[in-house]
Structure formats: C-alpha cells, structure tokens
Amino acid sequence: QVQVVESGGGLVQPGGSLRLSCAASGSFFSLNDMGWYRQAPGKQRDLVATITSGGSANYADSVKGRFTISRDIAKNTVYLQMNSLKPEDTAVYYCNARGYNWRRLPYDSWGQGTQVTVSS
C-alpha cells in the first residue's frame, strides 16, 4: 500500500507564490510518475503537472511559465512551486503517485488534497 500526503496549501493574494509538497510512503517496488492535479468547485479534476522518475516534466498550458514541478527521488517527494498565482488557480490540489508494487502490479495512489485559494 502506497500512501500519499500533501502539504503547503493556503490562502495567497493574486500574484503571490506557494509551494506544495507531496511525500509518498509505504512499500513498493518502484515509484515512477508523480504529479499534481486540481479540482475547482463544480469542475472535473484536471492535470496540473507531472514528472517522471527521470525528471521529464509535463505541464498544463494554463500553468506553463508560472508553475514548476520538481522531485527528490531519495525522499520520494514531489514539489510544485506556484508563482504569479491567479484567482482561477483556486482549487483543491491532489498529488498522485504511480508505480509498481512488489508483485509487479501497478498502483495509482492519490492524496487527500490540499486547498489553494487565491484571493485578495
């Protein structure tokens, strides 16, 4: 079982910055892709950014140039640095971790989410 726990959300003014962190723990054979998704009230959950174990990153068009995803392989942790935040970035941000367990079966684990509110 792989557990995923996010931290770092909060209230920030437009134009401000926040850094989200997400740590994966438990017993697993591999931890491959990690990423961030977000869900605003009344909307579906959308991809924000993902990063592979090799460090290749992918971003939603809406956050390119403002958000940066990074990863500490040794700590099984992924970060999301969010700059130039806009009110439309307000959402619950979820961390995702994917890989294989010791039986070589895939897992797809989600955190509980952390609220990010951008408002003056």
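Select Tyr100 to begin: with 37% relative accessibility it counts as partly exposed, a label for residues between buried (under 20% relative accessible area) and exposed (over 50%), using a 1.4 Å probe and protein chains only. Before going on, note that this is a predicted model, where local features need pLDDT of at least 70, side-chain atom pairs count only at pLDDT 80 or more, and totals for chains, interfaces and linings use all residues. Residues are numbered from 1 along each chain as its sequence is written, and side-chain values use heavy atoms, with hydrogens and water left out.

**Stop 1**

Tyr100 itself lies in strand β9, residues 91–100. Strands here are DSSP runs of E with at least two residues, and helices are runs of H or I with at least four, numbered from the N terminus.

**Stop 2: the disulfide**

Stay on β9 and pick Cys95. What is Cys95 joined to by a disulfide? The partner is Cys22, at an S to S distance of 1.9 Å. Cys22 sits in strand β3 and Cys95 in strand β9, 73 residues apart, so the pair links distant parts of the chain. A pair of cysteine sulfur atoms within 2.5 Å is called a disulfide here, and the structure holds 1 of them. Look along the S-S bond: the angle about it is -80°, and the link of Cys22 and Cys95 is left-handed. Are the two cysteines buried or exposed? Cys22 is buried at 1% relative accessible area, and Cys95 is buried at 0%.

**Stop 3: the nonpolar core**

Now show Trp36, Leu80, Met82 and Tyr93. These have the most contacts inside the largest nonpolar core, a set of 29 residues. At least two core residues come from each of β1 (2–7), β3 (18–26), β4 (30–39), β5 (46–51), β7 (67–72), β8 (77–82), β9 and β11 (114–118). A core of this kind is a set of buried Ala, Val, Leu, Ile, Met, Phe, Trp, Tyr and Cys residues joined through side-chain atoms within 4.5 Å.

**Stop 4: strand β11 and its neighbours**

Select β11 and compare its faces. Thr114, Val116 and Val118 form the covered face, while Gln115 and Thr117 are on the uncovered one. Strand β2 (residues 10–12) pairs with β11 in the parallel sense over 3 bridges; find Val12 and you will see Val118 as its bridge partner. Strands pair if DSSP finds at least two bridges between them. β9 and β11 run antiparallel and are joined by 3 bridges, with Ala91 opposite Val116.

**Stop 5: the salt bridges**

How many salt bridges does the structure hold? There are 4, each a side-chain nitrogen of Lys or Arg within 4 Å of a carboxyl oxygen of Asp or Glu. One of them joins Asp89 to Arg38, with the closest N and O atoms 2.9 Å apart. Asp89 is in the loop between β8 and β9 and Arg38 is in strand β4, 51 residues apart. Both Asp89 and Arg38 are buried.

Next, pick Lys64 and Asp61: their closest N and O atoms are 3.1 Å apart, and both residues are exposed. Then go to Asp108 and Arg98, where the closest N and O atoms of the salt bridge are 3.4 Å apart. Asp108 is in strand β10 (residues 106–110) and Arg98 in strand β9, 10 residues apart. Asp108 is partly exposed at 44% relative accessible area, as is Arg98 at 33%.

**Stop 6**

Most residues other than glycine have a negative phi. Select Asn76, in the loop between β7 and β8: its phi is positive, about 50°, although it is not a glycine. Asn76 counts as partly exposed at 24% relative accessibility. Finish at Ser84, in the loop between β8 and β9, another non-glycine residue with a positive phi of about 50°. At 41% relative accessibility, Ser84 is partly exposed.
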